[in-house]
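Here is a friendly note to read alongside the coordinates. Please keep the viewer open as you go through the points.

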Amino acid sequence: MNPDFVIIAVDGGAASGKSSTSRLVAERLNLMHVDTGSHYRAVTFALIQAGVSPEDEAAVAAQLRGLPLDTQLDGRSARISLDGKVPSDDELRSDAVNAAVSPYAAVPAVRQFLFNFQRSQADVARQNNFAGLIMEGRDIGSVIFPDATLRIFLEADAATRAERRAAEGQSDSIEQRDKIDSSRKTAPLTCPEGAIKIDNSGMTLEEVVDAISNLVGTSTAGSTKN
Ligand code: C5P
């Protein structure tokens, strides 16, 4: 891997601060930002609209086969498009999608469908002259980029996470989603060996961004050009 191109994997449970942290680290280090939660949300939205149940894996796989994926850049943010359309934030963060996303994300066919697309985001970042990629999700450091420059696992206590969602005005069953995400068979939410855990409950966003930026500096110091 070219040491000049940085890949940061950020995993953690719902409302653990992944998105706000990743966006700011991306700005500070000139990285492209990919929120893979939005990929699962987009697929969930499409499958709900198609009336396909997460219990019917064959129907899910058949529906996904006809769904072309692409990337549209919005500043530093790489957004997923399905069949040429980027779903809106309202569509991705509706109560219906919040409630259904974890059951769909537990279906192996859904994860397989997104695997290559998510790996290919590194090429999109290179082609668009970013210094690297920061990708957030649940299995980025364990499955998608186990070879990342830096793997972070974010945590926050239950009260802090509930406050964050309330401040966003969202109704979201954080605990229920974490339970399904941690107990599924394929790519469960877990802190992979070698990842660095950061509990950000008592930290400001700025402090978390500083900590990650310093860790990137340490990980890349001493690496030589291939
Ligand atoms: O990050 P966000 O809370 O938007 O993710 C929504 C859901 O997408 C998660 O609860 C999880 O079920 C699924 N997800 C996943 N793997 C990822 C990212 C998200 O299973 N890498």
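**Notes on strand pairing and salt bridges**

1. Let me begin with a pairing you can find quickly: Ala9 stands opposite Arg151 in strand 6. Strand 6 (residues 150-155) and strand 1 run parallel and are joined by five bridges; two strands count as paired if DSSP finds at least two bridges between them. Helices (H or I, at least four residues) and strands (E, at least two) are DSSP runs, numbered from the N terminus.

2. Before going further, a word on the source: this is a predicted model, in which local features need pLDDT of at least 70 and side-chain atom pairs count only at pLDDT 80 or more, while totals for chains, interfaces and linings use all residues. Residues are numbered from 1 along each chain as its sequence is written, and side-chain values use heavy atoms, with hydrogens and water left out.

3. Strand 1 has another parallel partner, strand 5 (residues 132-137), with six bridges between them. Here Val10 has Glu136 as its bridge partner.

4. How many residues of strand 1 (residues 6-12) are buried? Seven of the seven are, so the strand is largely enclosed by the rest of the structure. Buried means under 20% relative accessible area, exposed over 50%, and partly exposed in between (1.4 Å probe, protein chains only). One face carries Val6, Ile8, Val10 and Gly12 and the other Ile7, Ala9 and Asp11, and both are covered.

5. Turning to charges, the whole structure holds 13 salt bridges, each being a side-chain nitrogen of Lys or Arg within 4 Å of a carboxyl oxygen of Asp or Glu. One of them joins Glu206 and Arg28, at 3.1 Å from N to O. This pair links distant parts of the chain, since Glu206 sits in helix 11 (residues 205-220) and Arg28 in helix 1 (residues 18-29), 178 residues apart. Glu206 is partly exposed at 46%, and Arg28 is partly exposed at 39%. Together with Asp210, Arg28 and Glu206 form a network of salt bridges.

6. Arg138 and Asp181 also form a salt bridge, with their closest N and O atoms 3.6 Å apart. Arg138 lies in the loop between strand 5 and helix 8 (140-144) and Asp181 in helix 10 (residues 174-183), so the pair ties together parts that are 43 residues apart in sequence. Arg138 is buried at 13% relative accessibility, and Asp181 is buried at 4%.

7. Finally, a local pair: Arg126 and Asp123 meet in a salt bridge at 3.4 Å, N to O. They are three residues apart in helix 7 (residues 121-127), so about one helical turn separates them.
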